[in-house]
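This report sets out selected features of a protein model and its ligands. The sequence and structure are shown first, and the ligand contacts follow directly.

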Amino acid sequence: MTGEKLLYIETFGCQMNVSDSEKVAALLKSEGYAPTADSSAADLIIVNTCSVREKAEHKVYSYLGRFRGLKRERRFLLGVGGCVAQQEGERLLKRVPWLDLVFGTHNLHLLPEMVRAAEQGERRAAVDFIDNETRLDLFPRADEAGGATRFVTVMQGCDNFCSYCIVPYVRGREISRRSAEIVEEIRNAVAAGVREVTLLGQNVNSYGLKTPGELTFAGLLREISAIDGLERIRFTTSHPKDISPDLIACFAELPKLCAHIHLPAQAGSDIILERMNRGYSRQEYLAKVAALKAARPGIQITGDIIVGFPGETEDDFLQTLSLMEEVRYTDIFSFAYSPRPETAAAAFAGRVARKETQERLDRVQELQRDMTIERHAGFVGTCQAVLVEGMSKRGDQLYGRTDGNLIVNFAGDPALIGSLVDVRITRGYPNSLLGELTTVQ
Ligand code: 5AD
Ligand code: SF4
């Protein structure tokens, strides 16, 4: 092939960024850029960034740093998108002089034009928020062959303004895609071989609430569930305050809805939850967890925990540990509080010392490790339906996920990738399960 240009994308952060990167790749394909896994061969390198914690942001700057010398050695274009791009805008062009373009979270649609300008030596930043449905990040992903699982964006942005969180500032206000368009995207995906979808949004539970006449999230789940050939539905992320009884009922009613929910509590103390502006109390959170467990016995619950939030006392922290034990999470992501620009909590008094925060993080992780190991051990001897996603990193085994979203490794023919198989669990590890194939469904 002559004249084909190569595109390398590096993605940091959450699944929304992964999904945006897929859209960037599809969009730039029509500009003549083919994907490559080798950054040293790329004509265009796009870095999709995350700024949810300071550490993530630092990682971006050190990653960009490595291209400084390379830019002198060979010609290629370097672009930055995602949340750091949105937060910094023009400042990023000044701070990183070897950067060619900056596009914010609502500006994916401008990329072709920006890349053409960059090819002519023009440096641009585009970070305007667009709160209507012309935003490309809300559009369906171009249908390409491959993969049994697919992320489908149903809404973006967040109106909650939790006091620690930068998301509302870098992703903008909540906006939902039209349900008809979502259903059509999933129908097409199923026709192309997809068997499981994960519905994506910063706060999927408030899907449709701002759009007159639109379905609720529970209504959307019911419509999607009726699609023939689709086997599994997942969604992320849920805000506990917006989980309705109707949504909880979906777990009892819809067999395709997987037995897993990511339901971040963030903290276990009412005082801290209030200061975080989470909109629920410890008791309300636990009542929703109990209702979910009643609706779908065996549901796997995962969550997020922040330690060292301003003003967090040892007593507050102990309430986080006890909440974790009451819920008995399958697994959690745990974070040391990180002050973020523009957020309310960045100005709160009562900063917890770094050493104290780290110590609390260690205690949270130790407790969770024990609970996860115990949970995994409980699966040994059971038979699980596993959707085979690919070859494990070591390359000698297949891997896939159970209904409850646990990763299982097992020996098998790569031809099984994309199908649902029965696997007997033989061992539990801290991060995954080991199993053996029984029958192919
Ligand atoms: N500091 C630490 N953790 C944070 N998160 C979001 N903002 C912060 C912050 N400023 C965590 C929350 C959220 C997850 C995606 O990241 O737990 O659920
Ligand atoms: Fe951030 Fe809270 Fe919105 Fe989640 S719900 S994105 S934590 S502001």
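## Surroundings of ligand 1

In this predicted model, the side chain of Gln266 has an N or O atom 2.6 Å from an oxygen atom of ligand 1. This pair is a polar contact, defined as two N or O atoms within 3.5 Å; within protein, one must be able to donate a hydrogen and the other to accept it, and residues adjacent in sequence count only if both atoms are side-chain atoms. An oxygen atom of ligand 1 also lies 2.8 Å from an N or O atom in the side chain of Arg53. At Tyr164 the backbone takes part: one of its polar atoms is 3.0 Å from a nitrogen atom of ligand 1.

The residues around ligand 1, each with a heavy atom within 4 Å of the ligand, are Val52, Arg53, Tyr164, Gln266, Asp304, Ile306, Phe335, Ala336, Tyr337, Ser338 and Arg340.

## Surroundings of ligand 2

Tyr164 is also listed around ligand 2, together with Cys158, Asn160, Phe161, Cys162, Cys165, Val167, Pro168, His239 and Arg278. This shell has seven nonpolar, two polar and one charged residues. In this classification Ala, Val, Leu, Ile, Met, Phe, Trp, Tyr, Cys and Pro are nonpolar, Asp, Glu, Lys and Arg are charged, and the others, Gly among them, are polar.

## Domains and their interface

The protein is divided into domain 1 (5-128), domain 2 (133-377) and domain 3 (383-440), with bounds from an automatic or database domain assignment. The C-alpha centres of domain 1 and domain 2 lie 27 Å apart. Their contact, meaning heavy atoms within 4.5 Å, takes 23 residues from domain 1 and 26 residues from domain 2.

Domain 1 and domain 2 bury about 2200 Å² between them, 59% of it on carbon and sulfur atoms; buried area is the accessible area (1.4 Å probe) that two parts lose on being put together, summed over both. On the side of domain 1, Met16, Lys23 and His106 lose the most area to domain 2, together 29% of what that side buries.

## Polar pairs across the interface

Seven residue pairs in polar contact, both residues at pLDDT 80 or more, are found across the interface of domain 1 and domain 2. Elements giving two or more residues to the side of domain 1 that touches domain 2 are α1 (15-29), α2 (54-65) and α4 (82-88), numbered from the N terminus as DSSP runs (helices H or I, at least four residues; strands E, at least two). The most comes from α1, with eleven residues.

Two salt bridges also cross this interface; the rule requires a side-chain nitrogen of Lys or Arg within 4 Å of a carboxyl oxygen of Asp or Glu. The side chains of Arg171 and Asp20 form a salt bridge at 3.0 Å, N to O. By this rule the count comes to 27 salt bridges. Arg171 lies in helix α7 (residues 167-171) and Asp20 in helix α1, so this pair ties together parts that are 151 residues apart in sequence.

## Backbone details

The peptide bond from Thr236 to Thr237 is cis, with omega near 0°. Thr237 is found in the loop between β11 (232-236) and α10 (245-253). Asn277, although not a glycine, has a positive phi of about 60°, and Asn277 lies in the loop between α11 (270-275) and α12 (282-295).

## Basis of the values

Residues are numbered from 1 along each chain as its sequence is written, while chains are lettered from A and ligands numbered from 1 in the order in which they are written. Local features of this predicted model need pLDDT of at least 70, side-chain atom pairs count only at pLDDT 80 or more, and totals for chains, interfaces and linings use all residues; side-chain values use heavy atoms, with hydrogens and water left out.
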